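The exercises below are meant to be worked through with the sequence and the model side by side. Try each task before reading its solution.

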There are 2 protein chains.
Amino acid sequence: MNDHLSTTFAALADPTRRAILAKLASGDASVSELAGPFSISMPAITKHLKVLENAGLISRTRSAQFRPCKLEAAPLKEVAGWVEEYRRFWSESFDRLEAYLAEVQAEEHAGKKKKKHKKKHKH
Amino acid sequence: MNDHLSTTFAALADPTRRAILAKLASGDASVSELAGPFSISMPAITKHLKVLENAGLISRTRSAQFRPCKLEAAPLKEVAGWVEEYRRFWSESFDRLEAYLAEVQAEEHAGKKKKKHKKKHKH
DNA sequence: TGGTTATTTAGCTGATTGGTTAATTACAGA
DNA sequence: TCTGTAATTAACCAATCAGCTAAATAACCA
């Protein structure tokens, strides 16, 4: 789990952290401001922020006794790129060529089994 | 961590599981076939598959003593939708940022989630 | 200097995770 | 029916995670 993408996905796999990112999307915020909506302790928020910072999803500066957080979306670009590879598997309007290629490859790779499963193709 | 999106992100936060999905993208495969490239035990693969199935990322059928796995990309659509909300933070074109912010805030304050935003990303 | 506010660190917990080996179920085929 | 293959379950382990309380830092204000 030392690869970048895994770290990013793990950081996103928590609703509190995603809520923090959502809040930061509308502007920088201090730790207390971020903690506001949640019923968890400040140290818990600090830990979440550390996870986000470690994943490169936020950056932090100093301003007096505050540590304002800033959204850093670069890792999300990587996520978008990864998930984009699978678009053809959920897209309703994929062209039929691509679907055909996928099916052919499927049978090819499952060759030893001779499955020949007639996949229903909804239009 | 009982929400759908968290479960999906958690399932994706493991390189072995993402490799399994990548393999399934080129066609259905049995458990042994999926286990092939990895140096971990079969029960470990079974567990990974259970995580993926629980997240709705794969489905399974029976064929003789095989349990072929199939990629189910619907949850990835949800992921793509989530991450898309942050596109403007990594996109190069910041000139329209102000307008976008205004629009988003307007929607936010107006109603819940009117999916009127068929937003075509311009350049 | 001392007091207040903001945030982090330290240390503890219980739950979850990713892995193991050994045993078990399910099925195909001779 | 017996044997081999595919896959799962059971039971365990070490590491990580998300939370807590209490204490420590850090910076401002008076």
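Contact, as the term is used here, means heavy atoms within 4.5 Å. This is a predicted model, in which local features need pLDDT of at least 70 and side-chain atom pairs count only at pLDDT 80 or more, while totals for chains, interfaces and linings use all residues. Residues are numbered from 1 along each chain as its sequence is written, chains are lettered from A in the order in which they are written, and side-chain values use heavy atoms, with hydrogens and water left out.

**Exercise 1.** Determine which residues of H1(B) and H5(B) meet, and how the helices are oriented.

Solution. Begin with the residues: B:His4, B:Leu5, B:Thr8, B:Phe9 and B:Leu12 in H1(B) meet B:Pro75, B:Leu76, B:Glu78, B:Val79 and B:Trp82 in H5(B). By class, this contact holds seven nonpolar, two polar and one charged residues (Ala, Val, Leu, Ile, Met, Phe, Trp, Tyr, Cys and Pro count as nonpolar, Asp, Glu, Lys and Arg as charged, and the others, Gly among them, as polar). Next, the axes of the two helices come within 10 Å and cross at roughly 100 degrees, so H1(B) and H5(B) are roughly perpendicular to each other (a label for angles of 65 to 115 degrees).

**Exercise 2.** Describe the packing of H2(A) against H4(A).

Solution. Helix H2 (residues 15–24) of chain A and helix H4 (residues 42–54) of chain A pack at about 70 degrees, with their axes 10 Å apart, and they are therefore roughly perpendicular to each other. On the H2(A) side the contact involves A:Thr16, A:Arg17, A:Ile20 and A:Leu21, which meet A:His48, A:Leu49, A:Val51 and A:Leu52 in H4(A). Five nonpolar, two polar and one charged residues make up this contact.

**Exercise 3.** Work out how chain A and chain B are related.

Solution. A rotation of 180 degrees, with 0.0 Å of shift along its axis, superposes chain A on chain B with an RMSD of 0.1 Å (by least squares on the C-alpha atoms of residues with pLDDT of at least 70 in both). The two copies are thus related as by a two-fold rotation axis. The same surface serves both copies, since 76% of the contact residues of chain A recur in chain B.

**Exercise 4.** Identify the residues that line the largest cavity.

Solution. The lining consists of A:Ala80, A:Val83, A:Glu84, A:Arg87, B:Ala80, B:Val83, B:Glu84 and B:Arg87 (a cavity is a set of points on a 1 Å grid over the protein atoms alone where a 1.4 Å probe fits but cannot get out, and lining residues have an atom within 4 Å of a point). The lining divides into four nonpolar, no polar and four charged residues.

Note on methods
Axes fitted to C-alpha atoms, helices over the stretch in contact; angles between N-to-C directions. Helix = DSSP H or I, 4+ residues; strand = E, 2+ residues; numbered from the N terminus. Parallel < 35°, antiparallel > 145°, perpendicular 65-115°, else oblique. 1 Å grid on protein atoms, 1.4 Å probe; cavity = no way out; pocket = protein on both sides within 12 Å on 5 of 7 lines; lining within 4 Å.
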